[in-house]
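Colleague: I would like to learn how to read packing in a model such as this one. Could we go through it together, feature by feature?

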Amino acid sequence: MGSRKVSVDSAAVSHVNDTAEENFEHLVGRVGAALNLQCRAAHQELEQTQVLLAQATRKLLDTFHAANRALAGLGADETAVRVEQNLLAASQHLQFSDLVGQLLANAEQRVDALLLVSQRLQELVQAMGAPECGAHPQAAQLACEKSAVLEAIVALEACGNTRVRQWDTQAGRVELF
Amino acid sequence: MKKLVLTVDDSTAIREMLAYVLKSAGHRVIEAEDGMDGLQKALANQVDLVITDQSMPKMDGITLVKALRALPQYQRVPILLLTTESSDSMKEEGRSAGATGWLVKPFDPNKLIEVVEKVTR
(Lines give C-alpha, C1' and ligand atoms only; values in the text may rest on other atoms or scores of the structure.)
Protein backbone atom coordinates (compact mmCIF):
# COMPACT_ATOMS: atom_id res chain seq x y z
CA MET A 1 0.00 0.00 0.00
CA GLY A 2 1.50 3.37 -1.02
CA SER A 3 1.65 6.32 1.32
CA ARG A 4 -0.73 9.18 0.63
CA LYS A 5 1.00 12.36 -0.45
CA VAL A 6 -0.13 15.35 1.58
CA SER A 7 0.49 18.78 0.13
CA VAL A 8 0.42 21.76 2.47
CA ASP A 9 -0.09 25.21 1.04
CA SER A 10 0.26 28.53 2.79
CA ALA A 11 -3.50 29.11 2.84
CA ALA A 12 -3.98 25.86 4.74
CA VAL A 13 -1.23 26.79 7.25
CA SER A 14 -2.87 30.15 7.77
CA HIS A 15 -6.21 28.41 8.26
CA VAL A 16 -4.68 26.12 10.89
CA ASN A 17 -3.18 29.13 12.68
CA ASP A 18 -6.53 30.86 12.62
CA THR A 19 -8.12 27.75 14.10
CA ALA A 20 -5.52 27.59 16.86
CA GLU A 21 -6.45 31.10 17.86
CA GLU A 22 -10.09 30.21 18.23
CA ASN A 23 -11.17 29.70 21.78
CA PHE A 24 -11.84 26.19 22.99
CA GLU A 25 -15.58 26.68 23.17
CA HIS A 26 -15.77 27.85 19.58
CA LEU A 27 -13.52 25.02 18.44
CA VAL A 28 -15.66 22.36 20.10
CA GLY A 29 -18.76 23.96 18.61
CA ARG A 30 -17.18 23.89 15.18
CA VAL A 31 -16.16 20.22 15.57
CA GLY A 32 -19.71 19.39 16.65
CA ALA A 33 -21.23 21.24 13.70
CA ALA A 34 -18.85 19.67 11.16
CA LEU A 35 -19.41 16.19 12.58
CA ASN A 36 -23.15 16.76 12.58
CA LEU A 37 -23.21 17.84 8.95
CA GLN A 38 -21.06 14.94 7.75
CA CYS A 39 -22.91 12.36 9.84
CA ARG A 40 -26.24 13.52 8.44
CA ALA A 41 -24.84 13.20 4.92
CA ALA A 42 -23.38 9.76 5.70
CA HIS A 43 -26.69 8.66 7.23
CA GLN A 44 -28.54 9.70 4.08
CA GLU A 45 -26.00 7.98 1.83
CA LEU A 46 -26.28 4.76 3.83
CA GLU A 47 -30.07 4.94 3.68
CA GLN A 48 -29.88 5.51 -0.07
CA THR A 49 -27.53 2.53 -0.42
CA GLN A 50 -29.97 0.35 1.56
CA VAL A 51 -32.82 1.37 -0.76
CA LEU A 52 -30.74 0.66 -3.87
CA LEU A 53 -29.58 -2.66 -2.45
CA ALA A 54 -33.14 -3.71 -1.60
CA GLN A 55 -34.40 -2.75 -5.06
CA ALA A 56 -31.54 -4.48 -6.88
CA THR A 57 -31.89 -7.58 -4.72
CA ARG A 58 -35.61 -7.81 -5.44
CA LYS A 59 -34.97 -7.49 -9.18
CA LEU A 60 -32.18 -10.08 -9.07
CA LEU A 61 -34.38 -12.51 -7.12
CA ASP A 62 -37.28 -12.01 -9.55
CA THR A 63 -34.95 -12.59 -12.51
CA PHE A 64 -33.54 -15.66 -10.78
CA HIS A 65 -37.01 -17.13 -10.25
CA ALA A 66 -38.01 -16.31 -13.85
CA ALA A 67 -34.93 -18.16 -15.12
CA ASN A 68 -35.81 -21.10 -12.89
CA ARG A 69 -39.37 -21.17 -14.26
CA ALA A 70 -38.05 -21.04 -17.82
CA LEU A 71 -35.75 -23.94 -16.97
CA ALA A 72 -38.74 -26.12 -16.15
CA GLY A 73 -39.76 -26.03 -19.81
CA LEU A 74 -36.33 -27.02 -21.10
CA GLY A 75 -36.46 -30.68 -20.18
CA ALA A 76 -33.27 -32.41 -19.05
CA ASP A 77 -30.81 -31.81 -21.86
CA GLU A 78 -27.22 -30.65 -21.46
CA THR A 79 -28.16 -26.97 -21.69
CA ALA A 80 -30.79 -27.36 -18.99
CA VAL A 81 -28.27 -29.06 -16.70
CA ARG A 82 -25.78 -26.22 -17.25
CA VAL A 83 -28.43 -23.58 -16.57
CA GLU A 84 -29.46 -25.39 -13.40
CA GLN A 85 -25.86 -25.56 -12.20
CA ASN A 86 -25.51 -21.84 -12.83
CA LEU A 87 -28.71 -21.12 -10.92
CA LEU A 88 -27.47 -23.18 -8.00
CA ALA A 89 -24.20 -21.24 -8.02
CA ALA A 90 -26.17 -17.98 -8.18
CA SER A 91 -28.20 -19.05 -5.15
CA GLN A 92 -24.98 -18.93 -3.14
CA HIS A 93 -23.82 -15.54 -4.39
CA LEU A 94 -27.26 -13.90 -4.15
CA GLN A 95 -26.91 -14.25 -0.39
CA PHE A 96 -24.52 -11.27 -0.60
CA SER A 97 -27.48 -8.95 0.00
CA ASP A 98 -27.97 -10.30 3.53
CA LEU A 99 -24.29 -9.80 4.40
CA VAL A 100 -24.17 -6.33 2.83
CA GLY A 101 -27.48 -5.36 4.46
CA GLN A 102 -26.12 -6.26 7.88
CA LEU A 103 -22.88 -4.34 7.28
CA LEU A 104 -24.85 -1.28 6.17
CA ALA A 105 -27.12 -1.52 9.21
CA ASN A 106 -24.04 -1.70 11.48
CA ALA A 107 -22.49 1.32 9.77
CA GLU A 108 -25.78 3.24 10.06
CA GLN A 109 -25.91 2.48 13.79
CA ARG A 110 -22.35 3.84 14.24
CA VAL A 111 -23.11 6.98 12.22
CA ASP A 112 -26.30 7.58 14.21
CA ALA A 113 -24.38 7.23 17.49
CA LEU A 114 -21.76 9.67 16.19
CA LEU A 115 -24.54 12.03 15.07
CA LEU A 116 -25.95 12.04 18.59
CA VAL A 117 -22.51 12.88 20.04
CA SER A 118 -22.19 15.80 17.63
CA GLN A 119 -25.66 17.09 18.59
CA ARG A 120 -24.89 16.83 22.30
CA LEU A 121 -21.56 18.60 21.77
CA GLN A 122 -23.32 21.48 20.05
CA GLU A 123 -25.86 21.70 22.86
CA LEU A 124 -23.05 21.74 25.42
CA VAL A 125 -21.31 24.58 23.59
CA GLN A 126 -24.56 26.54 23.41
CA ALA A 127 -25.01 26.09 27.15
CA MET A 128 -21.43 27.24 27.75
CA GLY A 129 -22.13 30.43 25.86
CA ALA A 130 -25.53 31.07 27.42
CA PRO A 131 -25.92 34.01 29.83
CA GLU A 132 -26.58 33.34 33.53
CA CYS A 133 -30.24 32.81 34.25
CA GLY A 134 -31.67 33.00 37.75
CA ALA A 135 -34.32 30.36 37.25
CA HIS A 136 -31.89 27.79 35.83
CA PRO A 137 -28.31 28.38 36.99
CA GLN A 138 -25.70 27.93 34.24
CA ALA A 139 -23.66 25.45 36.32
CA ALA A 140 -26.61 23.10 36.65
CA GLN A 141 -27.41 23.46 32.94
CA LEU A 142 -23.76 22.76 32.03
CA ALA A 143 -23.67 19.66 34.25
CA CYS A 144 -26.82 18.44 32.54
CA GLU A 145 -25.37 18.99 29.05
CA LYS A 146 -22.04 17.34 30.01
CA SER A 147 -23.94 14.34 31.28
CA ALA A 148 -25.85 14.16 27.99
CA VAL A 149 -22.54 14.26 26.06
CA LEU A 150 -21.16 11.45 28.21
CA GLU A 151 -24.28 9.36 27.67
CA ALA A 152 -23.96 9.82 23.91
CA ILE A 153 -20.26 8.83 24.07
CA VAL A 154 -21.14 5.69 26.05
CA ALA A 155 -23.71 4.80 23.38
CA LEU A 156 -21.08 5.37 20.67
CA GLU A 157 -18.57 3.18 22.52
CA ALA A 158 -21.22 0.49 22.86
CA CYS A 159 -21.42 0.03 19.09
CA GLY A 160 -19.90 -3.43 19.02
CA ASN A 161 -17.82 -5.18 16.41
CA THR A 162 -19.59 -6.31 13.31
CA ARG A 163 -20.76 -9.90 13.28
CA VAL A 164 -20.14 -10.09 9.55
CA ARG A 165 -16.59 -11.34 9.02
CA GLN A 166 -16.99 -12.36 5.39
CA TRP A 167 -14.97 -10.55 2.73
CA ASP A 168 -16.36 -12.55 -0.18
CA THR A 169 -19.25 -14.86 -1.05
CA GLN A 170 -17.28 -18.08 -0.57
CA ALA A 171 -19.40 -20.65 1.25
CA GLY A 172 -19.09 -20.59 5.03
CA ARG A 173 -18.13 -23.49 7.29
CA VAL A 174 -20.51 -26.23 8.32
CA GLU A 175 -20.22 -27.77 11.78
CA LEU A 176 -22.49 -30.49 13.09
CA PHE A 177 -22.52 -30.88 16.87
CA MET B 1 -37.62 -39.33 1.89
CA LYS B 2 -38.70 -35.77 1.32
CA LYS B 3 -39.09 -33.58 4.37
CA LEU B 4 -41.03 -30.57 5.58
CA VAL B 5 -38.52 -27.85 6.42
CA LEU B 6 -39.16 -24.64 8.35
CA THR B 7 -36.77 -21.82 7.40
CA VAL B 8 -36.54 -18.78 9.68
CA ASP B 9 -34.70 -15.67 8.53
CA ASP B 10 -35.48 -11.96 8.37
CA SER B 11 -33.64 -11.70 5.05
CA THR B 12 -35.92 -12.28 2.06
CA ALA B 13 -32.96 -13.25 -0.12
CA ILE B 14 -31.85 -15.97 2.30
CA ARG B 15 -35.39 -17.31 2.69
CA GLU B 16 -35.95 -17.39 -1.06
CA MET B 17 -32.59 -19.04 -1.77
CA LEU B 18 -33.17 -21.64 0.96
CA ALA B 19 -36.61 -22.38 -0.47
CA TYR B 20 -35.19 -22.67 -4.00
CA VAL B 21 -32.43 -25.08 -2.96
CA LEU B 22 -34.61 -27.19 -0.66
CA LYS B 23 -37.48 -27.41 -3.16
CA SER B 24 -35.07 -28.32 -5.95
CA ALA B 25 -34.09 -31.30 -3.77
CA GLY B 26 -37.78 -32.20 -3.43
CA HIS B 27 -38.44 -30.93 0.08
CA ARG B 28 -41.42 -28.86 1.13
CA VAL B 29 -40.74 -25.51 2.77
CA ILE B 30 -42.50 -23.23 5.25
CA GLU B 31 -40.97 -19.76 5.66
CA ALA B 32 -40.93 -17.54 8.75
CA GLU B 33 -39.43 -14.06 8.97
CA ASP B 34 -38.35 -13.97 12.63
CA GLY B 35 -38.06 -16.24 15.64
CA MET B 36 -41.55 -15.51 16.93
CA ASP B 37 -43.09 -16.24 13.53
CA GLY B 38 -40.95 -19.38 13.37
CA LEU B 39 -42.17 -20.61 16.74
CA GLN B 40 -45.81 -20.05 15.76
CA LYS B 41 -45.35 -21.90 12.47
CA ALA B 42 -43.51 -24.75 14.21
CA LEU B 43 -46.44 -25.09 16.60
CA ALA B 44 -48.96 -25.04 13.77
CA ASN B 45 -47.03 -27.54 11.60
CA GLN B 46 -44.95 -30.48 12.80
CA VAL B 47 -41.84 -29.99 10.67
CA ASP B 48 -38.95 -32.43 10.13
CA LEU B 49 -36.18 -29.83 10.21
CA VAL B 50 -35.73 -26.21 11.27
CA ILE B 51 -33.10 -23.96 9.68
CA THR B 52 -32.86 -20.65 11.49
CA ASP B 53 -30.85 -17.46 11.43
CA GLN B 54 -29.41 -16.19 14.72
CA SER B 55 -29.78 -12.40 14.64
CA MET B 56 -33.43 -11.51 14.00
CA PRO B 57 -36.01 -9.05 15.33
CA LYS B 58 -38.59 -10.17 17.93
CA MET B 59 -36.83 -13.46 18.76
CA ASP B 60 -33.29 -14.54 17.91
CA GLY B 61 -32.31 -18.00 16.69
CA ILE B 62 -30.83 -19.32 19.93
CA THR B 63 -33.96 -18.29 21.86
CA LEU B 64 -36.03 -20.07 19.20
CA VAL B 65 -33.91 -23.22 19.60
CA LYS B 66 -34.47 -23.14 23.39
CA ALA B 67 -38.22 -22.56 22.94
CA LEU B 68 -38.50 -25.46 20.47
CA ARG B 69 -36.44 -27.81 22.62
CA ALA B 70 -38.82 -27.11 25.51
CA LEU B 71 -41.65 -28.59 23.43
CA PRO B 72 -41.95 -32.40 23.58
CA GLN B 73 -42.64 -32.64 19.83
CA TYR B 74 -39.41 -30.78 18.98
CA GLN B 75 -36.97 -32.45 21.35
CA ARG B 76 -35.55 -34.71 18.62
CA VAL B 77 -36.16 -32.60 15.52
CA PRO B 78 -32.88 -31.35 13.99
CA ILE B 79 -32.35 -27.58 14.19
CA LEU B 80 -29.61 -25.91 12.17
CA LEU B 81 -28.41 -22.38 12.82
CA LEU B 82 -27.53 -20.59 9.57
CA THR B 83 -25.88 -17.30 10.39
CA THR B 84 -23.18 -14.78 9.50
CA GLU B 85 -21.74 -15.23 12.98
CA SER B 86 -18.90 -17.65 13.50
CA SER B 87 -17.50 -16.90 16.94
CA ASP B 88 -16.72 -19.93 19.11
CA SER B 89 -18.64 -18.48 22.06
CA MET B 90 -21.77 -18.03 19.97
CA LYS B 91 -21.45 -21.55 18.55
CA GLU B 92 -21.11 -22.91 22.06
CA GLU B 93 -24.25 -21.01 23.04
CA GLY B 94 -26.06 -22.60 20.09
CA ARG B 95 -24.84 -26.06 20.97
CA SER B 96 -25.87 -25.63 24.63
CA ALA B 97 -29.31 -24.44 23.53
CA GLY B 98 -29.76 -27.70 21.66
CA ALA B 99 -28.91 -26.83 18.05
CA THR B 100 -27.87 -29.73 15.82
CA GLY B 101 -25.37 -27.77 13.76
CA TRP B 102 -23.95 -24.40 12.79
CA LEU B 103 -23.72 -23.19 9.20
CA VAL B 104 -21.99 -19.94 8.30
CA LYS B 105 -23.50 -17.81 5.54
CA PRO B 106 -23.38 -17.85 2.63
CA PHE B 107 -24.32 -21.51 2.31
CA ASP B 108 -23.19 -23.76 -0.50
CA PRO B 109 -26.41 -25.20 -2.01
CA ASN B 110 -24.94 -28.67 -2.59
CA LYS B 111 -23.44 -28.79 0.89
CA LEU B 112 -26.75 -27.66 2.39
CA ILE B 113 -28.62 -30.53 0.71
CA GLU B 114 -25.93 -32.93 1.93
CA VAL B 115 -26.33 -31.66 5.52
CA VAL B 116 -30.15 -31.78 5.33
CA GLU B 117 -30.02 -35.42 4.15
CA LYS B 118 -27.57 -36.26 6.93
CA VAL B 119 -29.44 -34.70 9.86
CA THR B 120 -32.90 -35.87 8.77
CA ARG B 121 -31.85 -39.47 8.02
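Colleague: Which residues does Leu80(B) touch, not counting residues up to four places away in sequence?

Modeller: This is a predicted model, in which local features need pLDDT of at least 70 and side-chain atom pairs count only at pLDDT 80 or more, while totals for chains, interfaces and linings use all residues. Residues are numbered from 1 along each chain as its sequence is written, and chains are lettered from A and ligands numbered from 1 in the order in which they are written. With contact taken as C-beta atoms, placed from the backbone, within 7 Å, Leu80(B) touches Ile51(B), Ala99(B), Thr100(B), Gly101(B), Leu103(B), Val115(B) and Val119(B).

Colleague: Which residues touch the most other members of the largest nonpolar core?

Modeller: In soluble globular proteins, nonpolar side chains tend to be buried together. A nonpolar core is a set of buried Ala, Val, Leu, Ile, Met, Phe, Trp, Tyr and Cys residues joined through C-beta atoms within 7 Å, where buried means that 20 or more other C-beta atoms lie within 10 Å of the residue's own (12 or fewer is exposed, in between partly exposed). The largest such core has 34 residues, among which Val50(B) and Leu80(B) touch the most other members. Helices (H or I, at least four residues) and strands (E, at least two) being DSSP runs numbered from the N terminus, α1(B) gives the most to this core, with 7 residues. Apart from it lies another core, of 10 residues, including Cys39(A) and Val149(A).

Colleague: At what angle do α4(A) and α5(A) pack?

Modeller: Two packed helices are described by the angle between their axes and the distance between the axes. Axes are lines fitted to C-alpha atoms, for helices over the stretch in contact, with angles from 0 to 180 degrees between N-to-C directions. Helix α4 (residues 96–129) and helix α5 (residues 138–157) of chain A pack at about 165°, their axes 9 Å apart, which makes α4(A) roughly antiparallel to α5(A) (over 145 degrees; under 35 is roughly parallel, 65 to 115 roughly perpendicular, the rest oblique). The residues of this contact divide into 15 nonpolar, 1 polar and 4 charged, with Gly counted among the polar ones, Asp, Glu, Lys and Arg as charged, and Ala, Val, Leu, Ile, Met, Phe, Trp, Tyr, Cys and Pro as nonpolar.

Colleague: How many residues does each chain give to the contact between chains A and B?

Modeller: The contact takes 25 residues from chain A and 27 residues from chain B. On the side of chain A, the largest share, 5 residues, comes from α4(A), and the residues of that side divide into 9 nonpolar, 11 polar and 5 charged.

Technical notes. Two residues are in contact if their C-beta atoms, placed from the backbone, lie within 7 Å.
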